[in-house]
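Hello,

Here is the structure I promised to pass on to you. Please have it open while you read, as my notes on what turned up in it follow below.

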Amino acid sequence: MSSRSGSRREHETSDRSTGHSASPAVPESSEIEAGGLIFYHMDLYGSKERFDIFPEELSGQGERSLGDTRRESALSSEKFQHSQEAGYDLEKEVAELAKMYGLDEDREKELELLGGHPEMVESRRPFAHTEKERSQGSVYNASKSSSSVKDQSRSTKQWGLHGEASQDEDESKARAKDDAESPIRSGEGLSSSGISDEWNSQAVSEEEESGNVFCSTCKIPIRAFDKLFGEHKDHEVTKLPNAMESEKEEIHKNMCKLEEQIAQMENFASHLEEIFITVEENFGRQEENFEVHYNNAVQVLAQKYEEQLEALGEEKRQKLEALYGQLVSCGELLDTCKELTDTTQELYLENDKANFMKAAITMVDRLEEFLKKEVDLELSTVPDFEERVIDFSEVEQLMNSINIIPAPCAPVINPQAPNVATGTSLRVCWSLFSDDTVECYQLCYKTVNSERHSDEQPEHTLKVKETYCTITNLLPNTQYEFWVSALNASGISPPSERAVYVTAPSPPTIKSKKIQSCENAALVCWESGDINPVDSYTVELSKLADEENSDTITESIVGIPNCEVLIHLQPTQSYHICVRALNLGGSSERSDPVLIHTTGTYFCLNEDTAHPLLAILDDGFTIACDELENPECDLPVYDNSFTRCIGILGSLIPFPGKHYWEVEVEEDTEYRIGVAFENTPRHGYLGANNSSWCMRHIITPSRHKYEFLHSGMTPDIRITLPPRRIGILLDYENCRLSFFNADIAQHLYTFNSHFQHYVHPCFALETPGILRILTGTAVPPWTALP
């Protein structure tokens, strides 16, 4: 479908309206119509000449004069003739315009819609070309037809002004002309009718087609022609598939956001359900708490009531007892008075004077004695009771304690997280899985010691506000037991379960004197700085290109279970090596670094193997024997030391390959130097058994004698120039042990023996003197043997 069909329909409608508003145009031949088309460049669309192109504007100017119309027609004819004279190529121009505006793509779409029948497309093509020609060159046809119609109308009006005489002649001429034009008009009417029907069918099919671009401004699909010439000319458009993909992505993003919002709402709904349950649980706890406090308050009130009632009854009893006692005493006095009165009256009636006098004296004494007694006529107690006031302070305290805040539940202490402790500090965390109000926490801890009973360890208590605490000033690599309680105004919670935390270890100490190395490996030993065992060790290497980047870790070896490790290194390099100890708590600080060079073989002397008469000087690589006593003396010896030979072993050389070291000797010193197995006999001499190989120097009255001993046997070799610096080359791969005079690069002797185990360098003195061992020397090139 053409992308400019909408504009073509407007032009065609304008052309048809122009044709209907005037008399039918004089038909032109097909050759003239085909050759009379004039195509204008699109630059004229916004210029003044555009009024000469679009016929709808011509039709809107119906009031213009006939002279203007004739001038435009003449101008169009001149342009058409000029284009023919200049050799104008119509087919080339049409092809360029079709390619410029995508009309060739419209043809492909028509082929696709019509099922691949080109003949159907070609049957539609003349009409399409007619539309294009009419829309692009309608000035010529419209001007010509309009000019013809207007000329005919004007002639008719002029003929109406003549007399009756000329009217009949004119009518006959017009009738003859009409008869001549009627076949042509009928043919033109049929052709116009056919074009109109085909136009209507194509317009319907074009309207049914959907847009192929999308207007981003209006948010609707449009046709490409509407972007070029329609109302969407200045709008931003994009391809419809791209717009569809963009909308799909936007919908997908919105769907993802909607899913996230749904998940959030579901989580919120679940949280609301949990809150509902929590409210019910809290209500139950508060109700139980209120009931407990109420029962306590009622119990206290009942106890106060009983106490006060008991005290009041006791006071009543005391009053009644006092009154009763006073009443009894008063009754006794009344009885005594009555008895005295009766006796006195009887005495008065006594007539016998002697008897009267006897009785009167006794009676007077009794009366005097009775009257001498004081009679207490005061009440012993008052009838009123003391006003008693009940002490409600305890009850008020209980009533004040009836609130909505219960004592919190027990917290849950978290297990120790790995690698968060230091050697002197621990970070302890816990959680409270309830909505209880907590003012602070009480953290308690103590040391875990298997040697002492747990109850004997002192406890430490801290109060913190948060659910974590960092405890400092602790011992390295030590276990501590922690438990925590929560507190608020209502009381303290039960303690949590106890958790054991452990601090990080102390930094190890590298045994620098026991480090061994060669050109491609090193054996590093250290000792732990803690009493308690650790989980593993980590060795960190720093390659020293210069002194500035000495702290850059280039390699780490982790998970070392023991206190030594064999490290593979690069030749002719220098390394700083540090060791860390690790346990569950974390890693220790770095140990003090040691410097290792891989320029040659380094080893140290094993003091445990030294004979008691042999001394190791401060540099650690010089041995001396000041005086030669009986080698089998009673000096204290170690289990692993030599007892007969005044010798010493160097540390084991556990690295394959070649190893070179040198020994500086004095010319008048007798010595033995070489290598030996670990199990070489300590009570024998070096070279006298099958587990040692050595070079021996002894001085005879006639000469310096050199022997190369193994199993007590030596070849007959004479050395004329006594060496002062002897080089020893141990070659594990080629099973060789060679000796050289390093001063003159002279090969002395080579043992060819298969070393079943790694060997130790060995040294011995047979006369007082010193031997100086030189290690870390690169293998000289002159040591290569054929």
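Helix 10 (residues 240-348) and helix 11 (residues 353-372) pack with their axes 11 Å apart and at an angle of about 155°. Please keep in mind throughout that this is a predicted model. An angle over 145 degrees counts as roughly antiparallel, and helix 10 and helix 11 are therefore roughly antiparallel to each other. The crossing of helix 10 past helix 11 is left-handed.

On the helix 10 side they are L333, T336, C337, E339, L340, T343, T344, L347 and Y348, and they meet F356, A359, A360, M363, R366, L367 and F370 of helix 11. By type, the residues of this contact comprise 11 nonpolar, three polar and two charged.

Another residue to look at in helix 10 is L327. Is L327 buried or exposed? Its relative accessible area is 57%, and since exposed means over 50%, L327 is exposed.

Stepping back for a moment, the chain contains 12 helices and 31 strands. Of its 786 residues, 35% are buried. If you take the contacts in the chain between residues at least 6 apart in sequence, 68% of them join residues at least 24 apart.

Now to the aromatic residues. How many aromatic pairs does a search of the whole structure find? The search finds 17. One of them is formed by Y732 and F755, whose ring centres are 6.3 Å apart and whose planes stand at 85°, so this pair is edge-to-face. Y732 sits in the loop between strand 27 and strand 28 (736-741), while F755 sits in the loop between strand 29 (746-752) and strand 30 (760-765), so the pair ties together parts that are 23 residues apart in sequence. Both Y732 and F755 are buried.

Y749 and F751 make an edge-to-face pair as well, with 5.1 Å from centre to centre and 85° between the planes. Y749 is partly exposed, at a relative accessible area of 22%, whereas F751 is buried, at 7%.

There is also an aromatic cluster to display, made up of F677, W693, Y732, F755 and Y758. Y732 and F755, the edge-to-face pair described above, both belong to this cluster.

Two buried loop residues come next. P723 lies in the loop between strand 26 (704-709) and strand 27 (725-731). Why does P723 count as buried? Its relative accessible area is 2%, and the cut-off for buried is under 20%. Leaving aside residues up to four places away in sequence, P723 touches V665, M695, Y706, N741 and L748. P723 and A742 are separated by 19 residues in sequence and by 7.7 Å in space, C-alpha to C-alpha.

The other one is T669, in the loop between strand 23 (658-664) and strand 24 (671-676). T669 has 1% relative accessibility and is therefore buried. With residues up to four places away in sequence again left out, T669 touches H697, I699, L765, T767, P768 and G769.

Finally, some backbone angles. N473 is not a glycine, yet its phi is positive, at about 60°. N477, also a residue other than glycine, has a positive phi near 50°.

Where are N473 and N477 found? N473 is in the loop between strand 8 (468-471) and strand 9 (479-488), and N477 is likewise in the loop between strand 8 and strand 9. As for accessibility, N473 counts as exposed, at 75%, while N477 is buried, with a relative accessible area of 4%.

That is what I have for now. I hope you enjoy looking through it.

Best wishes

Terms used
Residues are numbered from 1 along each chain as its sequence is written. This is a predicted model: local features need pLDDT of at least 70, side-chain atom pairs count only at pLDDT 80 or more; totals for chains, interfaces and linings use all residues. Side-chain values use heavy atoms; hydrogens and water are left out. Helices (H or I, at least four residues) and strands (E, at least two) are DSSP runs, numbered from the N terminus. Buried means under 20% relative accessible area, exposed over 50%, partly exposed in between (1.4 Å probe, protein chains only). Contact means heavy atoms within 4.5 Å. Axes are lines fitted to C-alpha atoms, for helices over the stretch in contact, and angles run from 0 to 180 degrees between N-to-C directions. Angles under 35 degrees count as roughly parallel, over 145 as roughly antiparallel, 65 to 115 as roughly perpendicular and the rest as oblique. A crossing is left-handed if the near helix is turned anticlockwise from the far one by less than a right angle, and right-handed if clockwise. Ala, Val, Leu, Ile, Met, Phe, Trp, Tyr, Cys and Pro count as nonpolar, Asp, Glu, Lys and Arg as charged, and the others, Gly among them, as polar. Rings of Phe, Tyr and Trp (its six-membered ring) pair if their centres lie within 6.5 Å; planes under 30 degrees apart count as stacked, over 60 as edge-to-face and the rest as tilted.
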